[in-house]
Amino acid sequence: MSADTRPRLIETIGRKRLSFREWRGHRPFWGGMLTLLAGIPIMYIPYANLTIGSLTVRMATTAGAGSLIIGVLLVVLGLTMWFQPASRVFAGVAAILLSLVSLVVSNFGAFLIGFLLGLIGGALGVSWAPGKADRSGGDADEPARTTIAGPVVATHPAPADGPGLGNGLDDLSGTSPTNGTNGRHRAG
């Protein structure tokens, strides 16, 4: 194998970056990331010791095991959002409920850090929906078409020799406010 046939480092990094972007686009990535990050302070803070000089402050609560369970479950729910995107709604609702429970169990939800991360991550997991490509043509090079709803405008007016004057306002009955055949009068 020669040096010319081996892929360059920058090409492999670029390819991996593009494949990660593709993977990330098919799942609630940021919802899972925030939910996973919410579990870390909820697990850690109740077991942490803060030393100020010779004074040791413990953050431990009576429900230290409960906060450990809540933190582990939030990490698992974040990973579930990543690797099982079909169960994103369940994982998001469960993350929101566990974040609310962490307010009571784990030092106000790890001093509101884990609570807010879990709440936002769960909401992102619930609200995420997979995107669908709208390909209405057979041509692969053609960009995706979007349908825009709006008012209907007459682009091809009726011919001038028809029942009306040909200004596009005629309906199928042949009456129009401009030719006076519908019982109304023109103001002008």
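1. Cover of helix H2. The buried residues of H2 (buried: under 20% relative accessible area, with a 1.4 Å probe and protein chains only) are covered by elements that include helix H1 (9–25), helix H3 (64–83), helix H4 (88–105), helix H5 (107–111) and helix H6 (113–127). Helices here are DSSP runs of H or I with at least four residues, strands are runs of E with at least two, and both are numbered from the N terminus.

2. Basis. The model is predicted; local features need pLDDT of at least 70 and side-chain atom pairs count only at pLDDT 80 or more, while totals for chains, interfaces and linings use all residues. Residues are numbered from 1 along each chain as its sequence is written, and side-chain values use heavy atoms, with hydrogens and water left out.

3. Helix H2 itself. H2 spans residues 29–44, 16 residues in total, and reaches 23 Å from its first C-alpha to its last, close to the 22 Å expected (1.5 Å times one less than the number of residues). Its buried residues are Phe-29, Gly-31, Gly-32, Thr-35, Leu-36, Ala-38, Gly-39, Pro-41 and Ile-42.

4. Nonpolar core. A core is a set of buried Ala, Val, Leu, Ile, Met, Phe, Trp, Tyr and Cys residues joined through side-chain atoms within 4.5 Å. The largest one has 13 residues, of which Ile-42, Ile-70, Leu-74, Leu-77, Ala-95 and Leu-98 touch the most other members. H2, H3 and H4 each give two or more residues to this core, and the largest share, five residues, is from H4.

5. Ala-95. Apart from neighbours within four places in sequence, Ala-95 is in contact (heavy atoms within 4.5 Å) with Thr-35, Leu-74, Leu-77, Met-81, Gly-118 and Gly-122.

6. Surface patch. Trp-30, Phe-108, Leu-112, Leu-116, Ile-120 and Leu-124 make a nonpolar surface patch of about 640 Å². H6 supplies the largest share of the patch, three residues. Ile-120 lies in helix H6 and is partly exposed, with a relative accessible area of 47% (partly exposed falls between the buried limit and the exposed one, over 50%).

7. Whole chain. There are six helices and two strands, in the sequence order α-α-β-β-α-α-α-α. Of the 188 residues, 26% count as buried. Among contacts between residues at least 6 apart in sequence, 59% join residues at least 24 apart. The chain exposes about 13,100 Å², with carbon and sulfur atoms supplying 66% of it; accessible areas come from the Shrake-Rupley method with a 1.4 Å probe, and for residues only the protein chains shown count as cover.

How values were computed. Patches are made of residues with over 30% relative accessible area and no salt bridge: like charges are joined within 9 Å, nonpolar side chains (Val, Leu, Ile, Met, Phe, Trp, Tyr) within 5 Å. A salt bridge is a side-chain nitrogen of Lys or Arg within 4 Å of a carboxyl oxygen of Asp or Glu.
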